Structures are given as structure tokens and as C-alpha cells.
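Here are a few notes to read alongside the model. Keep the 3D view open and find each spot as you go.

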Amino acid sequence: MVILLILLFLFAPLLAPYDDNLQFNLPQAKRLTPFSTQQLVEKVNPEYGNNKLDTFHKYENLLFREFVSSDYYLADEPIENVKSGEITSAQITFVLGTDEYGRDILSRIIYATRYSLMISFFAIVISGILGIVLGFVSGYFGRYTDVVLNRIVEMFLAIPFIFLVILSVAFLGDSVTTVIIILGFAGWMSLFKVVRSEVLKLKAKDHIVTAKMIGMSLSNLLTKEYLPLLLPSISVNLVFQFAYILVAESSLSFLGITGNYSHPSLGGMIQQGFASLSNAWWVALFPTMVITWIFFIVHNAVRKMNGSESNIFR
């Protein structure tokens, strides 16, 4: 399942049947139930030749087509399956149905999952850097540095995660870059606590004391002495934070404040599905199932990582 998520992230345009914004002609495509079958008619473009550039433009148009036209549409009545030099007709199936704008739900979910994973990945990188560096500084130096950093962390932890994110977005704007930075900044506190407590335990170890006595620099101490021993705890915490950040991003997109207005997101698809929940339940159901599926992956990953960590220290 982790491999499937990675493939979705890397190859979404190749895995999605259609472009995420492609709106088929509404009379035939609006709110189709899952596994609905329609007849797609496409006129072959005579401008495409056999050279590599024409082949590239042909597949580019296939992958990123955003509009239907008289050359590409769903037939309103059955026609013969013609395969000639001018017209191609084929039966297509919308596996997860379509929304009220005639867009394929499966394609939009693939692109939305990619978008959510991208935001969560970059946000978790920011959280990891802040949590590791500040946690190490707090635990290593102690005294006033430790007191000040702990008070700052406790102040942020007093505010619920999602409220802190929404408040920050309201003040700083809702661009995609801003949302990534805010989500990353709002998630480093728990990792700070983990790293700080581990550093307090490790800094009295003989090999750490010896490394300090021979004059090892602070950066080398962190990367060569502390970090290998902190890695199991950091990995588990970051995986948990990845799930929390994904939910926060979905919540923001549900509210429409992620700065993403040109591509689908899981929370945005759920919000759109609520308007037609009684007669098009699949629009909101399948994005919700994807979020639940990702949580299931995270749960199993953390469980296996905890087992690996216990085996390491055993």
C-alpha cells in the first residue's frame, strides 16, 4: 500500500484515466453512478505525424485534455464502434462515477491524493527540521535555553492544532506555500518533546562524553552521535505527524482556504459532495475512504516501526 501511494504521488497523470479538470458534456456525464458506461467519440487529429514531437503532443493532449469539443465527447445515443482514419468510438467506464460537473471521480481522487501527499511531505520536512534542531538545543544546553524553549512549546501546545493552523492562515493568507509553512511550523512541538527527552538521557552516556572531550563540534555531535540513536523515535513521531498534517490539510481544503483553486483536494471533494449527498453519495464517500485508507497505512507503519524499534534496543 505504501508503494501504491508512492506511485500515485509520482505518476498521477499516467495513472488517472482523464485530466482532473476535464468536464464531459453534462447531459451525458452529470452525476453518473459508479461503474456507469458511456460511449466516447473522438475524431483523430490529422495534424499528428509520426515524428517524436508529434507523438509527444498527441500524448500530452491525451493526458491533460481539459475540455470536450466536437472532436471529443460522450455520445448521446448509441453508434457503431467505428475505428477508421477519422473517428474512434469506444465504451468507457467511470469506475467511481462522476460529479455534478461531469468530471471523473477516480481521476480527481488520484490528483487530489497527490496534492495532499505533496503538501504533507514538505510540511513534515519543515516540522522535522524544527523539532530535531530545537529539541537538541534544548536538551543539550539546558538551563535558560531549555526553560525558554519549553515555555514556547507549551504555549503552542495549549492551542489545538487545527485551530492554530486556521488562525495562522487567516492572518498570513491562503497560498499553497503559506499553508505548507504553517502546517510545518504547527507540527514540530511533539517532535521537540521527544528529541529533548532523548537527548537528556543520551548526553550522560560514555561515548557522548568522550566525543565532547576530544573536541567534536556541535553539528558533528548531532549528526554522528545523537541522530543515529534518535532515529527510531523520530521516525515514529514523523509518521504520526504526517497523518495529522494530512487531516489538517484536508480540513483546510474542506473550508476552502488552502490557496488551491485549480486542482482538486480530498477535503475539497468531500465539501463539494455534501451539496449532493442525497442523490450523489459517491462524490463525498470515495475521498473520505481514501483519507481513511491513508490512516490505515500510517497505523500499520507505526506498528511495524515500533516493533523494529523494540528489536533494535532489545
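1. Let's start with Leu 15: it is partly exposed, with a relative accessible area of 42%. That label applies because the value falls between the cut-offs, under 20% for buried and over 50% for exposed. Bear in mind that this is a predicted model.

2. Where does Leu 15 lie? You'll find it in helix 1, which covers residues 2–15. Leu 15 also belongs to a nonpolar patch on the surface, along with Val 2, Ile 3, Leu 4, Ile 6, Leu 7, Leu 10, Phe 11 and Leu 14. Together these residues have about 840 Å² of accessible area.

3. Next, look at the strands. Strand 1 (residues 36–43) runs antiparallel to strand 3 (residues 87–94), and 8 bridges join them. Ser 36, for instance, has Phe 94 as its bridge partner in strand 3. Strand 1 also pairs with strand 2 (residues 72–74), again in the antiparallel sense, over 3 bridges. There, Val 41 stands opposite Tyr 73.

4. Which residues of helix 7 (residues 176–185) are buried? They are Thr 178, Val 179, Ile 180, Ile 182, Leu 183 and Gly 184. Their cover includes helix 4 (105–141), helix 6 (161–172) and helix 10 (218–255).

5. Last stop: Ser 265, in the loop between helix 10 and helix 11 (266–274). Is Ser 265 buried or exposed? It counts as buried, because its relative accessibility is 6%. Its side chain makes a polar contact with the side chain of Ser 253, at 3.4 Å. Ser 265 and Glu 249 are 16 residues apart along the chain, and their C-alpha atoms are separated by 8.8 Å.

Technical notes: Residues numbered from 1 in each chain as written. Predicted model: local features only at pLDDT ≥ 70, side-chain atom pairs only at ≥ 80, totals over all residues. Heavy atoms only, no water. Patch = residues over 30% accessible without salt bridge, like charges linked within 9 Å, V, L, I, M, F, W, Y side chains within 5 Å. Areas by Shrake-Rupley, 256 points an atom, 1.4 Å probe, with all protein chains shown as cover. Salt bridge = Lys/Arg side-chain N within 4 Å of Asp/Glu carboxyl O. Helix = DSSP H or I, 4+ residues; strand = E, 2+ residues; numbered from the N terminus. Buried < 20%, exposed > 50% of the residue type's maximum accessible area, 1.4 Å probe, protein only. Pairing = 2+ DSSP bridges. Contact = heavy atoms within 4.5 Å. Polar contact = N/O pair within 3.5 Å; in protein donor to acceptor, adjacent residues only side chain to side chain.
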